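Reader: I'd like a close look at a single part of this one, please. Could you walk me through the partly exposed spot on the helix and then whatever lies around it?

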Amino acid sequence: MNKFIEIIKGVYPDLYIEDYYLNDIGQNNDVLIVNKSLVFRFPKYKNGIIQLRRETEILKSNLSVF
């Protein structure tokens, strides 16, 4: 789990992490809940990385609608 925290801190160095826990029941992702409000997904498989990139692009394109 420390690996996930290191990754998060690398991307969000100013993020204060008060607490976190791993939700490990996911079939395709490891999910880390940070500060009881932020959800970070880490794909377990290569195909999951591709899917997550696609979801990110869809979300980014939908933000321009608002």
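Author: Let's start with Ile7, which counts as partly exposed because its relative accessibility is 40%; buried means under 20% relative accessible area, exposed over 50%, and partly exposed in between (1.4 Å probe, protein chains only). Keep in mind that this is a predicted model, where local features need pLDDT of at least 70 and side-chain atom pairs count only at pLDDT 80 or more, while totals for chains, interfaces and linings use all residues. Residues are numbered from 1 along each chain as its sequence is written, and side-chain values use heavy atoms, with hydrogens and water left out.

Ile7 sits in helix α1 (helices are DSSP runs of H or I with at least four residues, strands are runs of E with at least two, numbered from the N terminus). Helix α1, residues 2-11, packs on the sheet and touches β1, β2 and β3, contact being heavy atoms within 4.5 Å. Its direction makes about 65° with that of β2; axes are lines fitted to C-alpha atoms, for helices over the stretch in contact, and angles run from 0 to 180 degrees between N-to-C directions.

As for the sheet itself, 3 strands form an open, antiparallel one in the order β1-β2-β3, where pairing takes at least two DSSP bridges between two strands. β1 (20-23) and β3 (38-43) are at the edges with a single partner strand each, so one side of each has no neighbour in the sheet. Strand β2, residues 29-34, pairs with β3 over 6 bridges, and Leu32 has Phe40 in β3 as its bridge partner.
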